[in-house]
Amino acid sequence: MYDAIILGAGAAGLMCALTVGQRGRRVLLVDHADQVGKKILISGGGRCNFTNIGTDPARYLSQNPHFAKSALRRYTPRDFLDLVERHGIAWHEKTLGQLFCDGSARQIVDMLLGECAIGGVEIWLGQPATVEHADGRYRIACGNRAAEAPSLVIATGGPSIPKMGATGFAYDLARQFGLKIVEPRPALVPLTLSGEQALFKELSGVSADVIARAGKAAFREAALFTHRGLSGPAILQISSYWRHGESIAIDFLPDVRPGWLTEAKRARARTTLRKLLGEALPDRLASELAEQLALTGELHSHSDKALLAAEQRLAAWSFTPNGTEGYAKAEVTVGGISTAELSSQTMEARKVPGLYAIGEAVDVTGWLGGYNFQWAWASGWAAGQAL
Ligand SMILES: Cc1cc2nc3c(=O)[nH]c(=O)nc-3n(C[C@H](O)[C@H](O)[C@H](O)COP(=O)(O)OP(=O)(O)OC[C@H]3O[C@@H](n4cnc5c(N)ncnc54)[C@H](O)[C@@H]3O)c2cc1C
């Protein structure tokens, strides 16, 4: 008999468990994996990008953009940083507000486990759980063990990276209780190209600082050509906004002003487009773009109209991906348990008393750069205050 059972000992489940435990409740934390926090351990290249000081609800995707506001306001990056500092974990800001451990992601997992121990959290690992609900009580069976509580928290994440034990279990369980799911799709994921655009695969390994756009979303970061398509932070970011059949636009020269190419024609008539591009871009990319624009010869030999057209194409080079690298390579999942089903204050299901959902299982997905962990901490903490 427990006060709360939490399914999933990832970022959100651990935060929720330690919060509830330290409020004096009896908590059971259950995971089918043989260790807790596996995604934390591999995150941020092993150094865990544990939060972002630029956290803002506008940096999250959800069918209801207001849903995340309450939890994010009540548990902030500063709150998590206080915890990190109390544990003496050294950290640094890398870029764009992203905070990483100086040492290893293992320190974050050990910190969370230490806090769970202070809260007397019991942890069962290595067995899948089945769930039943009757008489207002949740009963779970895990191998030959069973437990029961008046509250159950779904913290089993999304299906990204199945080889690490990620599953769609949260959605199955939510459906079992009649909760709606916003169609999930892989996000923060490389995009694949085919046909003519696959010509760019010759550039595999080349990266450049670009602006990637999809609809109203725009990200200025590095893009990387791969042998299957496009990757790098700018592309991962834009992938969360991209839908099948749509195009994305890449600005290969984010720092030039409109009219730069005709101005260059007046100032340096005898230079070539290939040479100009080579001054701003990696050599192989400059050659490929110049070739595809088919403007060989010195600038004076081209009309202003042709140069303006080239300039516009370089500022919004259109790619129509034929897909993504899928859940196998996706850092997160967009979509999930509909926020319309949950209280934004407590994460409790409106029509199923005692049932909660937190973390990536919910239809709230952050940008790349520590935003997803911040949502896991904040939603776990919000539920933890209510249980
Ligand atoms: C390679 C990689 C790197 C990342 N790096 C970062 C980063 O640096 N910063 C950042 O903010 N985000 C990062 N993310 C995203 C971040 O890891 C997730 O958003 C975050 O872990 C979500 O937390 P969660 O607790 O909701 O889910 P998870 O951390 O995925 O935890 C879910 C838990 O549920 C368990 N589980 C699943 N199915 C079942 C089941 N049927 N029964 C019992 N248990 C189950 C899993 O074993 C897991 O322990 C990264 C993701 C990946 C894949």
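Student: Are F225 and F252 buried or exposed?

Tutor: Both are buried; the term means under 20% relative accessible area, with exposed over 50% and partly exposed in between (1.4 Å probe, protein chains only). This is a predicted model, in which local features need pLDDT of at least 70, side-chain atom pairs count only at pLDDT 80 or more, and totals for chains, interfaces and linings use all residues. Residues are numbered from 1 along each chain as its sequence is written, and side-chain values use heavy atoms, with hydrogens and water left out.

Student: How many aromatic pairs are there by this rule?

Tutor: The count comes to twelve. Rings of Phe, Tyr and Trp (its six-membered ring) pair if their centres lie within 6.5 Å; planes under 30 degrees apart are stacked, over 60 edge-to-face, and the rest tilted.

Student: Why is the pair of F67 and W375 called edge-to-face?

Tutor: Their centres are 6.3 Å apart and their planes stand at 65 degrees, so the pair is edge-to-face. The pair links distant parts of the chain, 308 residues apart: F67 is in the loop between β4 (60–61) and α3 (69–74), and W375 is in helix α12 (residues 371–386). Helices (H or I, at least four residues) and strands (E, at least two) are DSSP runs, numbered from the N terminus.

Student: What makes F67 buried, and what makes W375 buried?

Tutor: The relative accessible area of F67 is 3%, so F67 is buried. For W375 the value is 1%, so W375 is buried too.

Student: What makes the pair of F225 and F252 stacked?

Tutor: The angle between the planes is 15 degrees, and the centres are 6.5 Å apart. F225 is in strand β15 (residues 217–225) and F252 in the loop between β17 (248–251) and α8 (260–267), 27 residues apart.

Student: How do you know that the length of α12 agrees with its number of residues?

Tutor: The expected span is 1.5 Å times one less than the number of residues. The 16 residues of α12 should therefore span 22 Å, and the end C-alpha atoms are 23 Å apart, which agrees. Of these 16 residues, 13 are buried.

Student: What makes β18 and β19 edge strands?

Tutor: The open sheet has seven strands in the order β18-β17-β14-β15-β16-β13-β19, with antiparallel pairing. β18 (317–319) and β19 (323–324) each pair on one side only.

Student: Why do β14 and β15 count as paired?

Tutor: Two strands pair if DSSP finds at least two bridges between them. Strand β14 (residues 207–214) and β15 have eight, in the antiparallel sense, so they pair. V210 stands opposite E221 in β15. The two strands form a hairpin with two residues between them, and G215 in the turn has a positive phi of about 55 degrees. β15 and strand β16 (residues 229–231) are joined antiparallel by two bridges, with F225 opposite L230 in β16.

Student: What makes T192 buried?

Tutor: T192, in strand β13 (residues 191–192), has a relative accessible area of 8%, so T192 is buried.

Student: Why is a charge said to sit over the ring of W317?

Tutor: The rule asks for NZ of Lys or CZ of Arg within 6 Å of the ring centre and within 35 degrees of the ring normal. The charged end of R313 sits over the ring of W317, 4.0 Å from its centre. K94 lies over the face of F100, at 4.9 Å from the ring centre.
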